[in-house]
Amino acid sequence: MKTSNQFQFTQIGHEFIDSSINQLFRQHYLIIQIFFNQTDDSGCAHLIIVVEHKNDVDELMRKKWVDKAFKEYKVKVCVFYSSEIHHRFSLGDPFIELYCRPSAIIYQNADYGKPLIIKRNWKKFSNKFEDYKDSLFHDHDLLLTQVRGFLTDESSVSALLAYENVFKYDFRYLEELYTGNGFNSENLNERIRNLSKHIPEIQSHFVCQSRSEYYLIHLIGKAREASKDDLFFKNEMFEAFRIAEDSLSGMIEKRLHQLKNMIKIGCSDKEDINETAETNDKDAVLDIAVEVIVKSIEVEEIYIFHKAVYGSNTTYYLLLLGLNIGNDKLKSITQSLKSHTGDQSDFVLISHDRYWIQKNLYFYQSFFANVIQSKNKIYQSYPFHPEPHWEYPHTPIYADLDYYFEAATKFSEQFLALAEDEKENYQGLPYFFTLFFLSFCRTYIYAKLYYMPNYPITVCGDYVSLQILNCENTITYLKNSGLSSFRI
């Protein structure tokens with residue numbers, strides 16, 4: 001076996017990368033080829049190293065300089081062993097086709113191994129590429145068919161574990177298409193975090209439960225612990241899994257299209273990136289408010305969900321999304337906003353982190369789904385923050401409000417039964433009216449004042465105003481009895 005101690009490679013003019021490659025040869029790795037591609041449309045260069053032995057791949061990828069090359073110099077380092085790169089080339093893998101072109105070769109071992117030399121034309125590659133793409137999505141659809149079968153059988157645990165397999169499949173191809181190498185880990189949280197370095201938008205599809213775990217992945221973990229189906233999971237959340245998986249498969253298709261186009265045009269032109277700029281009707285006061293808030297706390301996003309004008313005074317209602325923003329901090333910010341914007345502007349601030357919203361969708365989704373929209377967004381610290389995984393369909397639960405309303409309805413029915421009694425037996429009528437009226441007032445006041453979490457916007461108050469119409473027979477009777485001053 002020859003290790004090519006005497007080597008020559010084309011210097012790329014990058015001191016750190018050239019030095020790292022020199023070090024590899026001094027460490028006696030059996031290197032077959034090295035490819036280097038200048039910065040592409042992702043803003044990164046690609047250094048492809050082909051070695052003879054499979055064991056060397058993981059060892060090289062663990063080198064500190066590999067991580068440093070990406071973080072500090074935006075050079076993605078990818079290591080293949082020889083038979084692997086030839087196999088992927090034969091399948092029509094567009095990553096290999098694009099980044100391992102003959103023009104990118106900076107070193108080739110003349111004494112050992114079978115170097116990869118790409119000679120096929122566009123037509124031959126295009127045919128191979130279509131086979132590659134068809135095979136990818138054929139297996140992907142088979143996995144999804146398994147998921148649908150479990151959903152049809154109402155086996156939620158099995159469906160979740162099947163979704164885990166789909167996610168693993170998607171992550172594998174995203175890793176290979178964006179980085180060249182797969183990230184060999186069973187921990188899906190780690191794989192999402194690793195992919196987010198290369199595909200930042202992937203973070204917009206997974207809500208963080210903590211700094212190290214994502215909500216949907218957490219639910220898959222709970223499925224493994226469940227002894228019976230449907231003990232912990234609501235069918236409404238399967239739509240969130242479907243949306244997330246659709247997004248992942250969409251990313252794969254987008255990357256395939258991107259690589260194919262770059263190969264076709266020889267990487268001479270870059271794809272146009274059309275970014276949709278969200279426009280909001282901002283005023284000077286809101287601009288000042290955002291500046292003050294961002295300087296005071298670490299906030300991810302800010303939404304304006306209501307604006308009330310009373311004469312010359314304007315009140316702004318803002319939702320802040322971020323971690324560890326307590327009531328004391330909100331009070332301090334409110335005072336600071338008042339001092340910066342003057343007496344004619346007031347602010348009502350509410351704040352939650354994304355995981356709290358996710359966990360309380362059963363109660364608050366109607367409110368947050370109306371607020372967390374691009375048209376209401378006035379600030380974001382990062383373009384790929386995720387929306388909550390909304391429940392479809394969603395039936396709001398009002399807990400104590402439903403209990404109070406039920407009591408008011410029963411007292412109303414008892415009052416009407418006595419008041420409309422043909423025998424004209426009105427004994428106890430004042431008592432039942434008192435019970436009804438007190439119960440009605442308790443329900444109405446609770447709805448108006450309880451933080452739902454939209455206080456002081458009375459969405460919940462609107463709900464109870466609609467529901468209380470079910471007592472209209474009682475109200476009509478009272479009015480017809482001469483109590484014309486009665487008001488809801």
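Two strands are said to pair if DSSP finds at least two bridges between them. The legends below apply this term to a predicted model.

**View 1. The pairing of strands β1 and β2.** Strand β1 covers residues 31-37 and strand β2 covers residues 45-51. The two are joined over 6 bridges and run in the antiparallel sense. Within this pair, F36 stands opposite L47 of β2.

**View 2. The open sheet of 4 strands.** The strands follow the order β3-β2-β1-β4, and their pairing is mixed. At the edges are β3 (75-81) and β4 (105-108), each of which pairs on one side only. From one strand to the next, the twist averages 10°. In general, the strands of a sheet pair through backbone hydrogen bonds, in either a parallel or an antiparallel manner.

**View 3. Helix α4 on the sheet.** Helix α4, formed by residues 82-91, lies across β2 and β3. The helix runs at about 100° to β3.

**View 4. The crossing of helices α11 and α12.** The axes of α11 (residues 284-296) and α12 (residues 327-341) come within 10 Å and cross at roughly 140°. Angles over 145 degrees would count as roughly antiparallel; the two helices are therefore oblique to each other. The crossing in which α11 passes α12 is right-handed. On the side of α11, the contact is made by V285, I288, A289, V292, I293 and S296. Helix α12 contributes K329, I333, S336, L337, H340 and T341. Sorted by class, this contact of α11 with α12 has 7 nonpolar, 4 polar and 1 charged residues.

Terms used
Residues are numbered from 1 along each chain as its sequence is written. This is a predicted model: local features need pLDDT of at least 70, side-chain atom pairs count only at pLDDT 80 or more; totals for chains, interfaces and linings use all residues. Side-chain values use heavy atoms; hydrogens and water are left out. Axes are lines fitted to C-alpha atoms, for helices over the stretch in contact, and angles run from 0 to 180 degrees between N-to-C directions. Contact means heavy atoms within 4.5 Å. Angles under 35 degrees count as roughly parallel, over 145 as roughly antiparallel, 65 to 115 as roughly perpendicular and the rest as oblique. A crossing is left-handed if the near helix is turned anticlockwise from the far one by less than a right angle, and right-handed if clockwise. Ala, Val, Leu, Ile, Met, Phe, Trp, Tyr, Cys and Pro count as nonpolar, Asp, Glu, Lys and Arg as charged, and the others, Gly among them, as polar.
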